[in-house]
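Before reading on, take a moment to turn the model in the viewer and follow the chain from one end to the other.

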Amino acid sequence: MPKISTYPVVTPASNDLITVTDASDSNATKNVTVQGLLAASGQKSYTEIYDLGGSVTDIINPLVYYPLVCLTTTGLTNDNTITQNGAGVITNTGQPRTFIVTFHIGATSGGNNSLSFIVAKNNAQINYSETDLHSQPAGRGSASNSIIVSLNTNDTISFLAANATSNTDITLQHLNIIILQV
């Protein structure tokens, strides 16, 4: 009689495979991902990414978008297929999915400057994601926005910044990003 072994208990990663029998397909054996099982059960993936601020985005010309300089960190997540490179570029390494991306940006620049921030998908600006802020006389301001975006495997999103008023640099005070699968 074959002996059944015991295996260590582990926390599965979202891209780990589980072998199942598909009763609707002549009992064919197939692999599914942990992420796929979570989606089928109704549990949504989430990832929090943030920056504590202090990075400076050089503005050479007004009204031109430049990559937002930031030093991002991953906070709470249940989805290791949403990765970030520590510089604000976020990649979906998992299956194609649709997400709500909510972000809040606090920044300083010269007093009374009009700043704009926009999300880029694969380096192309998503026009409906643009959000503006007008810095106070002391130069501070904050802006928030939410968008829905579909990401295929290895698609990226990142953030761009522009100063519509002058070529005064933008200093990031904080950046909070929540990515929630819908």
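The radius of gyration used here is taken over C-alpha atoms, and the rule for a globule is 2.2 Å times the number of residues to the power 0.38. In this predicted model, the protein chain has a radius of gyration of 21 Å, whereas a compact globule of 182 residues would have one near 16 Å. Taken along the principal axes, the box filled by the C-alpha atoms is roughly 80 × 30 × 25 Å.

The protein chain is built with 1 helix and 15 strands, and 38% of its 182 residues count as buried. Among contacts between residues at least 6 apart in sequence, 68% join residues that are at least 24 apart. The accessible surface comes to about 9,900 Å², and 55% of this area belongs to carbon and sulfur atoms.

The structure holds 1 aromatic pair. Because Phe-103 lies in strand β9 and Phe-159 in strand β14, the pair ties together parts that are 56 residues apart in sequence. Both Phe-103 and Phe-159 are buried.

| Residue | Strand | Range |
|---|---|---|
| Phe-103 | β9 | residues 97-108 |
| Phe-159 | β14 | residues 156-163 |

On the surface, Tyr-46, Leu-76, Ile-178 and Leu-180 form a nonpolar patch, which together has about 370 Å² of accessible area. One of these residues, Leu-180, has its place in strand β15, which covers residues 170-181, and Leu-180 counts as partly exposed because its relative accessibility is 35%.

Note on methods
Residues numbered from 1 in each chain as written. Predicted model: local features only at pLDDT ≥ 70, side-chain atom pairs only at ≥ 80, totals over all residues. Heavy atoms only, no water. Patch = residues over 30% accessible without salt bridge, like charges linked within 9 Å, V, L, I, M, F, W, Y side chains within 5 Å. Areas by Shrake-Rupley, 256 points an atom, 1.4 Å probe, with all protein chains shown as cover. Salt bridge = Lys/Arg side-chain N within 4 Å of Asp/Glu carboxyl O. Helix = DSSP H or I, 4+ residues; strand = E, 2+ residues; numbered from the N terminus. Buried < 20%, exposed > 50% of the residue type's maximum accessible area, 1.4 Å probe, protein only. Contact = heavy atoms within 4.5 Å. Phe/Tyr/Trp six-rings, centres within 6.5 Å; stacked < 30°, edge-to-face > 60°.
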